[in-house]
Amino acid sequence: MCGIVGYIGKADAPTVLMNGLRRLEYRGYDSAGIAILDDERVLIAKAPGKVSKLNERAHADWPSSLFQRASTGIAHTRWATHGPPTEVNAHPHLDQSGEIALVHNGIIENYRSIRARLEAKGHHFYSETDTEVLTHLIGDCDKGDLFQAVCDALHQVEGTFGIAVISAREPDKIITARRGSPIVIGVGEGETILASDASAIVAYTQRVIYLDDNDIAIITKDSIDIRDLNNIPVTREIAELAFDAAAAEKGGFDHFMLKEIHEQPESLGNAIRGRLDFNLGSSVLAGMGTSPRDLAELSRIVLVGCGTSLHAGMVGEYAFEDLADVHAEVQQAAEFRYRNPILGSRDMVVAISQSGETADTLAAVREANQKGAFVMSLCNVVGSTIARETGRGVYLHAGPEISVASTKAFTCQVVVLLMMALRLGRGRRFSRDEGIRFAREIESIPMLVAKVVAQNARIAEVAADYAKNEHAFFIGRGPMFPVALEGALKLKEVSYIHAEGYHAAELKHGPIALLEQGTPIIALAVDIPGKDKMLGNIEECRARGARILGVITEGDHETAECMDDFISIPRCHPLVATIPAVVALQLFAYHVARLRGCEIDQPRNLAKSVTVE
Ligand code: G6P
C-alpha cells in the first residue's frame, strides 16, 4: 500500500528519495509525490501513475542544481483511499501557509469533523484526502514549534498514521510518528533516512530503529530523538537489518515473482534449518514459547490471516487435526473481531502474515489478546507490528518478498505450520518413530520443490494453451482444497483471468452450470487419500466439455490418462504435497500472466501490505 520515505543528510535528497520510492513500488500504488526543502521554501512535485513519471516531472520542474544541493525532503507512493489517484490527491500535502508538508500512511477517521472545524476558521482545501486535513491541522497548531504542533494535532485525530513532516520554518529536521502504520528509521553517518518499509533504507544502512505506536521522533542528520505524544523521552534499540540490498534486486530474472518462485528451495531450507530434531522426532520452535505441558493442554487452534496467508492457515487446519489430534479452525482475520469470537486460555490463536502489518490480522491479534487466548504469530518481516505485538511466534526466514503476489512466503508459512503440527503431534499422539518419519518428510521439501521449479520450461508450454481463456476453475479435495484456492488466487492476481477455487465436490452444487466446451478445470489430482473421488469429479467436468489440466503425482500414468494436460510433482506425504503442488500452480499463473502481457510484479489495484481495514 502507501509508502513513505524521508531523508535528511548531506545532499542529493531528491535522488535518495526517488531511489527509496522505487524500492517501495512493489507495495502497490497509483500516484507518487516528493517535497524538498530549498532556500526556506517547500518545493513539491507530484504525478499520477509511476515513480518514473514523478521523476520526469521533478526533473522538468526543478533546476538540476537543486538535485545536488537539497539535503532534506519527504516522498510518498499513494494507494488511493480518499479520492481517486489524481495529482491533486497525491501526497505530500501542504498546510494553509504552504510551508509545512506532510506524507501519510493510514486513515484519519475523524477527518470530516476536523475539516469542517478548520473550514469555519478560514482554511481552504484543494484535495479530497484525509491527509490534507491532518496537514492543515498541524499548521493550525503550529505556534513556532513544529514538534509540539505535530503532538497537539495527533492528540486530536482518530485512526491510523505513519507520517513524516517537514517545515520551511524549521529546515533542520523531519518529524515522524506512527500509530498503526510502520515507520523505520535508518541510522547513517551524517545522514538519517526514514521509511515505512526497511527495503527503502537497506541500500544506505543496515542499522535501523523501529518506532512503536504513539512514538514521535525528531530527526536531524546527526540525531534521532524519540518521545511519546506527551513529550516524554522513550528509548528504542538499534537493530541490524537481516537482509542486504541485493536481496531486493531481480538477480537476472525478468520479474520478482519468477525470482521468488525459484528461490523457494533455498527459502524453505532457511525456514527449516535447525528446526527439526531427529533425535526426539519433533521440531524446535523456540519462539513459540510453549512447554510440552502447555501444548498438551491446548483444546483448540484458531488460525487467522488474509489472502494467501489465510490459505496457508487452511492447510494448517488439516495438519493440526491430522497430525496433532487437536481441533483446528481457520477464520478470516477481517471477520474475527466483529463476530465476538469465543476464546479462552486453552485456545491458541496463530496470526499468519507475511508482512506482519495487515490491519485486519493485527486487529484479530488484539481481539485474541483481549480474550485471554494464547496468541502467537507466523510473520516474515522481522520486527513487524504483528510479530512485536504477539511477542511469541515463528519467523518464516523467507527473505524479502517483493512481488505483490505471494509465493515463497506461502510455502514457508505452510512448512512452519507443518513443523508446529509435528511438535504438537509429538506431544499428543505421535510416537518417536512417527515423528522422525514426518520430520524426514519435511526435510525433503526443498528438494521436492526444486524438482517442480526445474519443470519451469514445460509449465510455460502448458500455460500457453490456457492464456487465452477468460475463466478457470481450480478444484481439490482434502489438503489440496486450499491449494486450489491459492492456485485460483495466484491466477486472478497476476493474469486478471477470472479464476475460482472450489472443493471438487462443491462444483456440482452450482458452479458446474458455468462449464462449457473448453472451460479450463485445473484439478489437484495428486495421489493422496480421496483421489478416486477426485477422479469422479473430474469425469463430471469432462462430460460437460471442460478441458482438464491435472496436477498429478509423478509416475501415476492412470491419472495422467484422465487429463488433457498434466504437470507432475514428486510422490510425498499428502500434507507435504501441498507445497510442490502450489509451486506448480505459481509457475502456471506466472507464465499465463506473462503471455497475456500483464504487469506481473505490481498487478493493478493490489497492494503488498494492506494496512487499512
Ligand atoms: C495483500 C497481498 C496478499 C497477501 C495479503 C495478506 O492482499 O496482496 O499477497 O496475502 O495482503 O498479507 P500478509 O502480509 O498479512 O500475509
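I'll start with the salt bridges: the count comes to 36, where a salt bridge is a side-chain nitrogen of Lys or Arg within 4 Å of a carboxyl oxygen of Asp or Glu. One of them joins the side chains of Arg-388 and Asp-212, at 2.3 Å from N to O. That pair links distant parts of the chain, 176 residues apart: Arg-388 is in helix H13 (residues 385-390), and Asp-212 is in the loop between strand E11 (207-210) and E12. On naming, helices (H or I, at least four residues) and strands (E, at least two) are DSSP runs, numbered from the N terminus.

Before going on, some ground rules. This is a predicted model, in which local features need pLDDT of at least 70 and side-chain atom pairs count only at pLDDT 80 or more, while totals for chains, interfaces and linings use all residues. Residues are numbered from 1 along each chain as its sequence is written, and side-chain values use heavy atoms, with hydrogens and water left out.

Now the domains. The chain is divided into domain 1 (3-241), domain 2 (256-443) and domain 3 (450-613); the bounds come from an automatic or database domain assignment. I'll look at domains 2 and 3, whose C-alpha centres lie 24 Å apart. In contact, meaning heavy atoms within 4.5 Å, are 39 residues of domain 2 and 37 residues of domain 3. Between them the two domains bury about 3,200 Å², with 69% of it on carbon and sulfur atoms. Buried area here is the accessible area (1.4 Å probe) that two parts lose on being put together, summed over both.

Which residues of domain 2 lose the most area to domain 3? They are Met-257, Tyr-318 and Val-404, together 20% of what that side buries.

Across this interface the rule finds 1 salt bridge. A salt bridge also joins the side chains of Lys-608 and Glu-401, at 2.6 Å from N to O. The interface of domain 2 and domain 3 has 15 residue pairs in polar contact, both residues at pLDDT 80 or more. A polar contact is a pair of N or O atoms within 3.5 Å; within protein, one must be able to donate a hydrogen and the other to accept it, and residues adjacent in sequence count only if both atoms are side-chain atoms.

Elements giving two or more residues to the domain 2 side include helix H7 (256-262), helix H10 (307-324) and helix H14 (408-428). The largest share, 9 residues, comes from H10.

Phi of Asp-325 is near 55°, a positive value in a residue other than glycine. Most residues other than glycine have a negative phi, and most peptide bonds are trans. The peptide bond from His-91 to Pro-92 is cis, with omega near 0°, and Pro-92 is found in the loop between strand E4 (72-78) and E5.

Last, the strands, which pair if DSSP finds at least two bridges between them. An open, antiparallel sheet has 6 strands in the order E5-E6-E7-E8-E12-E13. Strand E5 (93-94) and strand E13 (224-228) stand at the edges with a single partner strand each, so one side of each is left without a neighbour in the sheet. Within the sheet, E8 (residues 174-179) and E12 (residues 215-219) pair over 5 bridges, with Ala-217 in E12 as the bridge partner of Thr-176.
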